[in-house]
Amino acid sequence: MDFGFSLSPSSAIDLDKVDLSLYRRLEQTAPDIRNCIACGSCSATCMAASYSGMSVRKLILNLQRGADVEKMLSCCMLCGKCTMVCPRGINTRKLILDVCRYYSKKV
Amino acid sequence: MKESVIIIGGGVAGLEAASQLLALGLSPVIIERSDHLGGHVAEWYRLFPDLSPAQDLIARLVDSASGARIYLETEISRINALKDGYSATLNNGDVLFCKAVLVCTGFHLFEAAKKEEYGYGIYDRVITNRDLEHWFGGAEDERITDNPKAIGFVHCVGSRDVKAGNTQCSKVCCMTAIKQAIELKEKFPESEIYCFYMDLRLFGKKYEDFYISAQKDYGIHFIRGRVSEVSEDIEGRLLVKAEDTLSGKPLKVRLDLLVLMAGMVCHPQTARIASMVRAEVDDDGFLRSRDNIYSIVESGRKGIFFAGACTGTKTVPETVAEARAAALSAYRYIKGNA
Amino acid sequence: MIYQGKQKIWSDYQKEIPDNHWFYVRSCIRQNFFPASEKYFVKIVRDVLGKDLFETEHHTTCGGIAYHSDTIPQETAMTIVARQFSLMKEAGYKNLVTSCITSFGNYCEILETWREFPELEARIREHLWKACRREFDKPEYVAHASDVIYKLRGEIAEKAKIRLVNRETGEPLRVVEHIGCHYSKMFPHKGVGGAEYPCVLSGMVESWGGKVIDYPERRHCCGFGFRQYLVKANRGYSVSNTHKKFESMEPFHPDMIITNCPGCPYFLDRWQYVIAEQTGKTYGKDGYGIPALTYEELAGLVLGYDPWDLGLQVHQVAAEPLLDKLGVAYDPAKKYLGLNEKDIMKPGLPTVLKCC
């Protein structure tokens with residue numbers, strides 16, 4: 001029967017149910033991912049940010065919340081500006097390459 | 001005869017001030033309303049940033065102040081200004097004469113039960129930072145289970161909160177939360193620990209190293225967003241709802257223990273003492289110093305000095321420094337008058 | 001759960017509710033959804049407990065629905081309310097009791113606004129005079145009808161014919177209490193028990209022998225919200241809120257829900273049908289739902305009135321499993337008979353939710 005409306009999906013993040021397997025892998029291969037304080041220096045200098053929504057800050061946040069990051073990564077130009085400015089000294093370029101490696105090999 | 005200084009409060013500030021006054025050749029008298037010296041720090045386990053044991057500090061302070069006359073479980077009923085000093089009437093009937101009064105009444109921990117939505121005193125697994133320090137020090141607490149799989153810290157409980165009646169930051173709780181998170185992770189290495197913060201205030205020497213270590217070595221998760229409510233699910237675990245402001249979405253997680261970082265408010269007895277010495281209460285609830293940069297230990301009234309958290313939130317090193325400054329100011333005042 | 005912690009909070013939020021001489025104002029919609037609730041409130045307070053409850057046929061809506069749906073400005077709602085106050089003054093009463101919880105919130109909000117802005121109150125007096133030559137006094141006390149039943153719960157418990165105990169298990173009945181949002185979320189001190197742990201309904205349930213269940217989404221709104229619900233395309237948002245509440249209370253297996261608002265039992269009752277049709281899931285045992293009752297219906301059951309006189313047949317979710325658990329005597333054949341046992345025909349049955 002068509003009621004003319006249906007249940008709305010919830011956007012709430014349930015931390016007990018998110019899939020953190022990729023984040024856990026990166027904690028092994030690129031351990032300085034843990035040091036991120038979400039200051040946004042990387043997003044501020046990112047060349048791709050204003051055209052695509054790419055941002056290392058959002059990448060790390062999405063990894064920590066189990067959300068998908070593949071689409072965002074396709075816009076990264078690997079210029080390295082984010083690595084230059086990160087105040088916590090995270091090797092963001094290696095992090096991005098590690099995530100790309102995961103998606104290309106799906107291993 | 002040595003000139004006497006009455007010190008109201010036997011916590012860190014009072015003890016350090018007494019020890020300095022003894023070294024300067026004066027005769028301090030400590031009036032403490034509880035049954036022990038050392039104030040709040042005596043209940044603490046380890047102090048940041050060196051994680052030195054609080055009991056060592058207190059033992060050292062008590063030892064160096066042992067030459068002072070000490071009244072425990074005593075309160076002051078009345079203080080009268082005399083021509084060249086003050087007289088204090090204690091509630092046990094004694095009357096003491098002194099040349100100067102040092103107010104070291106300290107702070108009071110915000111009553112976490114007032115934030116009803118966090119369920120302190122209602123849900124079985126919600127504790128405060130002070131309860132956790134007691135547990136670290138060896139006290140029993142049935143609210144802390146044997147193997148908590150997920151633990152949460154709520155920053156700013158009773159601080160920076162108009163609804164709680166205290167808009168000020170309590171300064172030390174962010175650092176204490178990180179310290180306690182690290183200590184809990186050492187006790188329960190398999191647990192996930194979440195700190196829910198609005199801002200992180202880590203201003204002092206080596207504080208940022210603590211934060212970096214908490215993230216990098218201990219894997220503690222920091223979630224920027226406020227906890228809105230806490231409830232219990234069918235298994236007795238706490239269901240905590242918060243806002244994840246960085247992703248702009250509501251967030252929920254089930255925890256086995258929630259630690260509320262209760263803030264510092266001025267001790268309720270301080271207003272009574274303030275009226276006795278005719279000191280002013282500032283609009284943040286704490287006592288008003290003569291100014292906030294050069295003369296924090298002075299009250300503006302002759303012979304009345306302040307030290308420690310009675311004028312505003314303080315860390316332990318700041319309290320010790322102020323106690324020494326207040327002792328020296330009192331000494332100079334007394335000798336100047338003589 | 002540390003019960004004493006809740007009791008301490010309840011003691012901070014107690015109200016001095018008067019126990020007699022009330023002026024009753026009815027709800028716009030309750031008599032459609034729960035036909036006997038208001039009738040039984042009047043009957044219990046007047047006839048059974050012998051109190052003075054007065055209502056006049058000249059009273060109207062309080063304007064709350066229109067105000068919350070953004071169709072009339074606040075001043076119009078205030079003038080309508082002012083007329084209600086003038087009717088109360090004419091009848092010589094000082095205590096106002098409202099049937100609807102949104103009304104209660106509306107009256108409280110208006111009185112608070114007048115307290116902070118006396119010039120607005122003066123303007124409304126002028127408006128009322130120009131509109132219908134009436135003058136009014138502000139009531140001394142505004143309460144909700146559930147506050148009155150809460151106050152009189154002890155007297156009702158003394159006259160009770162049944163206790164809220166599950167006959168099948170011998171345990172107290174597991175009751176979920178749902179408080180309307182406008183009761184204490186706006187002004188926590190106007191609600192008994194405050195906003196986080198209101199005790200107006202749990203006090204009733206416990207004094208009548210039942211046990212109140214706390215579950216994670218207890219404080220959550222049912223989703224009624226006027227302007228959300230009135231537009232059909234938005235109803236998905238409303239029903240999702242009720243769905244969230246049901247998903248949260250399901251592991252606790254409650255026997256019934258008690259509410260004190262017109263819209264909330266309407267939602268909690270009717271949406272179980274919609275959720276059953278859309279998701280195939282029901283929340284009671286064996287395909288039944290969880291009955292959602294108003295506090296007057298529960299008070300009536302406890303005092304021994306016939307369930308069909310109390311209007312329980314009009315509920316979407318069948319109340320029979322609950323009546324069997326409580327041991328209430330009822331005649332299934334008389335369920336859909338009208339006045340004087342006239343046959344008024346049965347309603348159609350839903351496909352998923354079991355209704356009888």
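**Terms and their grounds**

Tutor: In this predicted model, the count between chain A and chain C is 0 salt bridges.

Student: What makes the count of salt bridges between chain A and chain C what it is?

Tutor: A salt bridge needs a side-chain nitrogen of Lys or Arg within 4 Å of a carboxyl oxygen of Asp or Glu. The side of chain A that touches chain C has no charged residues, but 4 nonpolar and 3 polar ones. Lys, Arg, Asp and Glu are the residues that count as charged, so the count is 0 salt bridges.

Student: Which polar contacts are counted between chain A and chain C?

Tutor: The count is 4 residue pairs in polar contact, both residues being at pLDDT 80 or more.

Student: How is the size of the area buried between chain A and chain C known, and what supplies it?

Tutor: The accessible area lost on putting the two chains together, summed over both, is about 910 Å². Carbon and sulfur atoms give 69% of this area. On the chain A side, F3(A), F5(A) and L7(A) supply 73% of what that chain buries against chain C, more than any other three residues. The contact takes 7 residues from chain A and 14 residues from chain C.

Student: Why is a set of 137 residues called a nonpolar core?

Tutor: The name requires buried residues of the listed nonpolar kinds joined through side-chain atoms within 4.5 Å. The largest set meeting this has 137 residues, and F196(B), L258(B) and W114(C) are among those with the most contacts inside it. Helix α13 (residues 263-279) of chain C gives the largest share, 9 residues.

Terms used:
Residues are numbered from 1 along each chain as its sequence is written. Chains are lettered from A and ligands numbered from 1 in the order in which they are written. This is a predicted model: local features need pLDDT of at least 70, side-chain atom pairs count only at pLDDT 80 or more; totals for chains, interfaces and linings use all residues. Side-chain values use heavy atoms; hydrogens and water are left out. Buried means under 20% relative accessible area, exposed over 50%, partly exposed in between (1.4 Å probe, protein chains only). Helices (H or I, at least four residues) and strands (E, at least two) are DSSP runs, numbered from the N terminus. Contact means heavy atoms within 4.5 Å. Buried area is the accessible area (1.4 Å probe) that two parts lose on being put together, summed over both. A polar contact is a pair of N or O atoms within 3.5 Å; within protein, one must be able to donate a hydrogen and the other to accept it, and residues adjacent in sequence count only if both atoms are side-chain atoms.
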